[in-house]
Amino acid sequence: MEIKYGISKAELRNQEEIIEILDPIVKEWFFSKFEVFSESQLYGVMNVHDRKNILISAPTGSGKTLTSFLAIINYLVSIARKNELENKVYCIYSSPLKALNNDIFVNLIRPLEEIYDLAEKKQIKLQKIRVSLRTGDTEASEKAKMLKNPPHIFITTPESLAIVLTSKKFIDLFYGVEFLIIDEIHSLGNKRGVYLSLSLERLEEISKISPVRIGLSATIAPLEEVAKFLVGTGRNCLIAEVQTQKKTDIEVLTGVTNLIDTNSAEMHSSLYSLIDKLIQSHKTTIIFTNTRAATERVIHHLKEMFPNNYLEHGEDILGKTGFDIIGAHHSSLSKEHRFEIEEKLRKGELKVVVTSTSLELGIDIGYVDLVILLGSPKSSARALQRIGRAGHKLHDISKGRFIVLDRDDMVECSILNKECREKKIDKIHIPRNCLDVLSQQIFGMAIQKVWDINEMLQVIKRSYCYSDLNKEDFMSVISYLSGEYALEHRNVYAKIWYDEKSHQIGKRGKLARVIYLTNIGTIPEESFITIVIAAGEKKDQKVGVVDESFLEKMKPGDVFVLGGKRYQFMYTRGMKAYVKIGVKKNPTIPRWFSEMLPLSFESALEINRFRKLVNEKFESKKSPEEIKGFISQYCYVSNHISDSIYNYFYEQYEYSKISHEKRMIIEYYKGEKNYIIFHSLYGRRVNDALSRALGYLMGQKAGRDIEIGISDNGFYFAGENLPLDEAMRLLKPENLRKILNEAISKTEILKRRFRHCAARSLMILRNYKGRSKSVGKQQMNSFLLLSAINKISKDFPILKEARREVLEDLMDIERAEMVAKWLNEGFIKVEKVQTSLPSPFAMNLVLQGYSDLLKMEDRVEFMKRMHKEIVKEIKEKKK
Amino acid sequence: MKILNKIARKHKNNENPTKIEFLHDSLLIDESILVLGDLHIGYEEHIAEAGIFPRVQLREILSKLKDIFWNISMQGKKIKQVIILGDLKHEFGGISDIEWSETIKFLDYLDEQIAKDKDEKKENDRIILIKGNHDTILGPIAKKKGVALRDFYRHKEICFMHGNKLHGNCFEKSKILILGHLHPAITLKDNYKKEKYKCFLHGKWKKKEVYIIPSFSPIGFGYELNSIEQSRHNNEFLIIKYNLLENFEVVIYNSNENKEYNFGKLKKLI
């Protein structure tokens, strides 16, 4: 059944209309601060006033937060004036950021204070409008106060909202919620967003009034889908796309003239010289590095190479002399540290902040006049979001500089630069039908009250993320939660009860609420291990951090790659792993991708299109000058960059062939092993899916393990026996999902995702009876759990969800099916080439090393093969 | 047709040699005594700790046993006695309803399968329960089922012990020692991959022939002997020190073809 949504464009209203609806005090206050209504206010205020759902997409600094509050403040003031404010929550505002005090202060608290001052001056009596903030950090005493004097405007996070939805006393305050504001909605294309969408429906169910929903978003696409996500099934929503784009000034830079022939020491020093020069010629700079490890590296090198530039010799406020004016901000740093950095930024006490991704969101960071993107941000929406951090006010110019690190990065950043300038935005992915999130929410719903099962399903299906949830999946979650899978023993671990006769569902166990509250949330827990050099000149030097689960796969002696260098693992002490440097051996542990952002599919297609255009010019023998001119015009890059791109492409063209929009080059190369390299530039999410499916088909045929390397720009296979033609024949868009479901069944990635899903669905409790379980312990338990579940049913809902998450959220099966279709129908032609050295485009991929090993060989076969080898060894010794 | 592998043990001056065969995760002695250990019934519950853990352990244990009994009966033989080498159940502290009922189900199943042969064995000798370090409060169940709980057991020249304590008298009088407790497993690896297998250890210690059998539990009981980090912790765990185990031979049993694979001495695999 097609679900109908009424999505339409909001219209710009005029100033007079809005003035007319404003309460005299609010009007007076507004015009004492502003001259006119901003564009987003012209779109939003009237519609909120008229109780129409609206999604407002506007760049940072366009006043959208105040837009959402203005009509609400106006409404509440008009009631307060009549002394008719009820003891209830009128408005709920949810933001994914915990640290939003400042934003709320500027856009809500201060305006209210000023309005009250004004009223007092005019001797107008106004009832007090109360505002409360509740996040994970809120003290218990504060929470108690809230219940005594309920807030009219309730500011919260998705997690805290879910918690109050199980509290009887809070629910009593939600009987008439009139407004729901969802801020930073562009950052909710994940399970956190899915979770929130269900909470909103639960709230809708509790409130006797259907609240108006207001979504606030940065530049994002497609707005229609985000609007549906905001309002839920079958409701109407207006979309306001604020046209006033911030002016941007974006360029692509390199530290050196030649990215390929320069030695690494020289590259290194010129890169940091360039960064330093940029920092010094601006007031405050933010550098985005994508990974936590790189963040630390950049700070270390800047301080080492230019010690005087990053240390303030004067006294700080506390009278301390000599303090850093460079700081790090990323998610594995403590909350206190991050808060201090944000505070210093606002006060203008820092020259530069280096961050992985954590400063992307709208935390107020004061005045920043330059954003450096060190390495590709992998998507145009993200690039714009980051660059938008510079010049926070609407009419400031946002200045951003891409600094490229290698030749693939250069091409990618140049195309992203083009997309940013032409406002081509990649698409958000919103996960659907997540069964782990559903389990947690159903448990929460059962704690709230006893439900009729059909009524419960109806509420769930109103969320956009579950609008096409099928009854079987829903029932399997109910069976799971009510303990049916426990097999021989009834209901020992059941979280809920379900009575088939009365169709009722309720919570089970005295501890249900405590278990729920202490295990709520969707963000997986990870812990990190610091990698430290064990001996020699650089003894005790930190080289980076890795995920704890990555370390667990390693045995002493294993070689792994971190930040482009090889290390041999020696031993661990606490949260530190000691390693040997200068290792020549090949890695024995696959490269770790957990931190790496995937290239967006849209940008990948854009690069393929660009490759095709350049290739045509080579084929029609255009002059180098003409082609270079074309490149610099097409990508909006300097001659220096277009020269480098020209050289890179020309080398590939001369040596082999260029893979592009209409043709896929498959390169056969025999090095230490047999390689088959796919020049498949579709981003890692698509490549992951395609390569694993093909690898699996080959491995099934050959019965041996296959090494597989995956990047945004392609993938390769290496192994003894690679029957590719047969695998290509078997791979069809319609069977890709089936093949992949089998192919991932034994992989590390499925085990890892299963752990996350098991925690979200409360199969494994992170906290129980006041004790929290270490990530390592969770890992071990989830491993045992998975092997037990595999023995029961492949359709166990949480295992099914882990597979869905791998295929749809981690990989991009939908687009992979699309590419498979293009290949099948000949829209993309396959051409095979043989090389004696990897071609220039394949070089980075081969150098990067392998990502995973497809274990195709049966366990028993492997054991027998190893046995044969040992027997042979013993016999040889005897000779 | 499945064929059992036989290793006939011939000891000099012994007219009635003991025959010991590898069979799944257990040993078959004189074609009629089955030895298994470290079942850790109730472990699932311990892991779950109020989360959700589907219960498969007992089901898997029983299906493995069914295989073994079927296999033996196909050869026209009968199991007359089952020796459990300790750690029948998992929990140290108390005994839960589940552990209780599963342990009973398990013992009932064995009771059904063991051949009734009143002349040869006394009723309560059909199942021999040796106490493991986890079996602190197994007494009531054993009593209920009329099974004696012992610290060790002797059959001809063999002494059966759990492995955490040395029972001197039994040890002195025997030529062969059969132990559990360690849950031996081995990781085989080549350049790329690693796989873990449960295994038997077979070697000499204090002039006795020793067998250490793997855990019979289907979930995750395998102590990786060739991981140096782990074995360090383990030094005083088993009555035999780790460095002495290094000279033991590693045997992996492949139940698909009912065949054992001898990988030579443990130290070669480290």
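Modeller: Let us begin with burial. A residue is buried if 20 or more other C-beta atoms, placed from the backbone, lie within 10 Å of its own, exposed if 12 or fewer, and partly exposed in between. Of the 270 residues of chain B, 42% count as buried, and in chain A the buried share is 46% of 879 residues. This is a predicted model, in which local features need pLDDT of at least 70 and side-chain atom pairs count only at pLDDT 80 or more, while totals for chains, interfaces and linings use all residues. Residues are numbered from 1 along each chain as its sequence is written, and chains are lettered from A and ligands numbered from 1 in the order in which they are written.

Biologist: How many helices and strands are there in chain A, and how many in chain B?

Modeller: Helices (H or I, at least four residues) and strands (E, at least two) are DSSP runs, numbered from the N terminus. Chain A has 32 helices and 32 strands; chain B has 7 helices and 16 strands.

Biologist: What radius of gyration does chain A have, and what would a compact globule have?

Modeller: The radius is taken over C-alpha atoms, and the globule rule is 2.2 Å times the number of residues to the power 0.38. For 879 residues the rule gives a value near 29 Å, and chain A has 29 Å, so the two agree. Along the principal axes, the C-alpha atoms of chain A fill a box of roughly 100 × 70 × 60 Å.

Biologist: What share of the contacts joins residues at least 24 apart in chain A?

Modeller: Two residues are in contact if their C-beta atoms, placed from the backbone, lie within 7 Å. Among contacts in chain A between residues at least 6 apart in sequence, 74% join residues at least 24 apart. The corresponding figure for chain B is 61%.

Biologist: Which domains does the assignment give for chain A?

Modeller: Such bounds come from an automatic or database domain assignment. For chain A it gives domain 1 (6–241), domain 2 (247–421), domain 3 (437–522), domain 4 (528–580) and domain 5 (657–879). The C-alpha centres of domains 2 and 3 of chain A lie 46 Å apart.

Biologist: What is the strand order in the open sheet of 8 strands?

Modeller: Strands of a sheet pair through backbone hydrogen bonds, either parallel or antiparallel. Here two strands count as paired if DSSP finds at least two bridges between them. The order in chain A is β1-β8-β2-β7-β6-β3-β5-β4, with parallel pairing. Because β1 (6–9) and β4 (131–134) of chain A stand at the edges with a single partner strand each, one side of each is left without a neighbour in the sheet. Neighbouring strands of this sheet are turned by 15° against each other on average, direction ignored; axes are lines fitted to C-alpha atoms, for helices over the stretch in contact, and angles run from 0 to 180 degrees between N-to-C directions.

Biologist: Where does A:P222 lie?

Modeller: A:P222 is in the loop between β7 and α10 of chain A, and the peptide bond from A:A221 to A:P222 is cis, with omega near -10°. Helix α10 (residues 223–231) of chain A lies across β1, β2 (54–57), β6, β7 and β8 (236–241), running at about 135° to β8(A).

Biologist: What phi does A:R51 have?

Modeller: Although A:R51 is not a glycine, its phi is positive, at about 60°. A:R51 lies in the loop between α3 (39–49) and β2 of chain A and, with 14 C-beta neighbours inside 10 Å, counts as partly exposed. In chain B, phi of B:K156 is near 45°, a positive value in a residue other than glycine. B:K156 is placed in the loop between β7 (152–155) and β8 (158–161) of chain B.
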